[in-house]
Amino acid sequence: MAANFWTSSHFKQLLDPEEVDVVHQQDKDKGITLEEFKLIKMHMANYIMKLAQNVKVRQRVVATAVTYMRRVYTRRSMREYDPRLVAPTCLYLASKAEESTVQARLLVFYIKKLSSDEKYRYEIKDILEMEMKILEALNYYLVVFHPYRTLSPLLQDAGMNDMSMTQLSWGLVNDTYKMDLILTHPPYLIALACIYIASVYREKDITTWFEELRVDMNVVKNISMEILDFYENKMIADERISTAFLKLALKP
C-alpha cells in the first residue's frame with residue numbers, strides 16, 4: 001500500500017458526490033431508482049460484513065472490500081456485475097490486497113451457508129472469474145486509505161482517547177462504509193467528522209482543538225450531517241431491498 005494518501009491512486013480517484021450518485025442506464029432500464037441503488041449497495045456492505053465475521057478477517061479488510069464494491073458501481077452497472085457475486089469477490093480480493101488472505105473454498109462455503117437461493121450459491125470458479133472483471137473495473141488500482149489510520153492519533157491529540165470515546169468514534173467510522181463517503185472525502189476528514197459527532201454526543205467541548213487543526217469546519221460538519229442523515233433514514237423495510245433486487249433479476 002502507498003505510504004502517502006496525497007500521492008496515492010486513492011486520492012486521485014476521489015469523486016464528487018454527483019459522480020457517485022449515478023444509476024447506470026442498464027439499471028435504469030430495469031426501473032432501478034437512485035434510492036434503490038443506494039439501498040442495494042448498503043445491503044451488500046452489510047453482507048460483506050456478515051461474510052467477514054464468518055471467515056474471520058479484520059475490519060480493515062472489510063472496509064477495503066466495501067470500498068472496492070462501491071468503486072465498481074461508479075463504473076459498471078448492477079445488471080452487468082451482479083452485487084451478490086461482486087460483494088463476496090471484493091472481500092476475497094481485499095483479503096489478498098491487505099495481506100490477510102481468505103481461501104476461496106472457505107469463502108464459497110459460507111456463501112452457500114448464508115444464501116437461501118440456490119441460484120446465488122456460487123462456486124470457486126465464479127469468484128475467480130469475477131475477480132478478474134473487478135480488477136479490470138478498478139483499473140487495477142487497489143490502494144485504499146481508511147479513517148482508522150488517523151482516528152487513534154487524532155483522539156489522542158484531542159485528549160479524548162478514553163475507551164468510551166474510542167469505541168463510539170470507531171463505531172461511527174465503521175458505519176460510514178454503509179455510505180459512499182470513502183469515495184468522496186479524504187479519510188482524515190471522515191475521521192474528524194466521527195470525532196466531532198462523538199464529542200457532541202458525549203458533551204465534550206473540543207472547539208479549541210478543532211480551531212488549532214486549521215481544518216475547514218464546514219466540510220467536517222457537512223460530512224457529520226451526511227452521517228447523521230444516514231442514521232435518521234436507517235430504518236428501511238426489507239421489502240424495499242427485495243423489490244430492488246427483483247428488478248435486477250428480471251430478464252430483459
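# Reading a predicted model, feature by feature

Student: Let's start inside. Which classes of residues make up the lining of the largest cavity?

Tutor: Four nonpolar, three polar and two charged residues. In this scheme Ala, Val, Leu, Ile, Met, Phe, Trp, Tyr, Cys and Pro are nonpolar, Asp, Glu, Lys and Arg are charged, and the others, Gly among them, are polar. Residues are numbered from 1 along each chain as its sequence is written, and side-chain values use heavy atoms, with hydrogens and water left out.

Student: How do you find a cavity, and how many are there of 30 Å³ or more?

Tutor: The general idea is that rolling a probe the size of a water molecule over the atoms shows where empty space is left. A cavity here is a set of points, on a 1 Å grid over the protein atoms alone, where a 1.4 Å probe fits but cannot get out, and lining residues have an atom within 4 Å of a point. Points are joined across faces, edges and corners, and the volume is the space filled by probe spheres set on them. The count comes to one cavity of 30 Å³ or more, and the largest cavity has a volume of about 60 Å³. You can find its lining at His-10, Gln-13, Leu-14, Leu-15, Arg-71, Thr-74, Arg-75, Ile-182 and Leu-183.

Student: How many aromatic pairs does the search find?

Tutor: A pair of aromatic rings is described by the distance of the centres and the angle of the planes. Rings of Phe, Tyr and Trp (its six-membered ring) pair if their centres lie within 6.5 Å; planes under 30 degrees apart are stacked, over 60 edge-to-face, and the rest tilted. The whole structure gives 11 aromatic pairs. Take Phe-5 and Trp-6: the ring centres are 4.9 Å apart and the planes sit at 75°, so this pair is edge-to-face. Phe-5 is buried at 9% relative accessibility, while Trp-6 is partly exposed at 44%. (Buried is under 20% relative accessible area, exposed over 50%, partly exposed in between, with a 1.4 Å probe and protein chains only.)

Now look at Tyr-148 and Trp-170, a tilted pair with 4.6 Å centre to centre and 40° between the planes. Tyr-148 is in helix α9 (residues 148-157) and Trp-170 in helix α10 (residues 163-176), so this pair ties together parts 22 residues apart in sequence. There is also one aromatic cluster of Phe-5, Trp-6, Phe-11, Phe-145 and Tyr-188.

Student: And the salt bridges: how many does the structure hold?

Tutor: It holds 10. Each one is a side-chain nitrogen of Lys or Arg within 4 Å of a carboxyl oxygen of Asp or Glu. Lys-247 and Glu-36 meet in one, at 3.0 Å from N to O. Lys-247 belongs to helix α15 and Glu-36 to helix α4, so the bridge ties together parts 211 residues apart in sequence. Glu-36 is buried at 9%, whereas Lys-247 is partly exposed at 21%.

Another joins Arg-60 to Glu-98, with the closest N and O atoms 2.7 Å apart. Arg-60 lies in helix α5 (residues 59-72) and Glu-98 in the loop between α6 (83-97) and α7 (104-114), so this one ties together parts 38 residues apart in sequence. Glu-98 is buried, at 6%.

Student: Where does Lys-56 sit?

Tutor: In the loop between α4 and α5. Lys-56 has a positive phi of about 60° although it is not a glycine, and it is exposed, at 68%. Arg-214 also has a positive phi without being a glycine, about 55°. Find Arg-214 in the loop between α13 (207-213) and α14 (217-232), exposed at 76%.

Terms used
This is a predicted model: local features need pLDDT of at least 70, side-chain atom pairs count only at pLDDT 80 or more; totals for chains, interfaces and linings use all residues. On a 1 Å grid over the protein atoms alone, a cavity is a set of points where a 1.4 Å probe fits but cannot get out, and a pocket is an open set with protein on both sides within 12 Å along at least five of seven lines; lining residues have an atom within 4 Å of a point. Helices (H or I, at least four residues) and strands (E, at least two) are DSSP runs, numbered from the N terminus.
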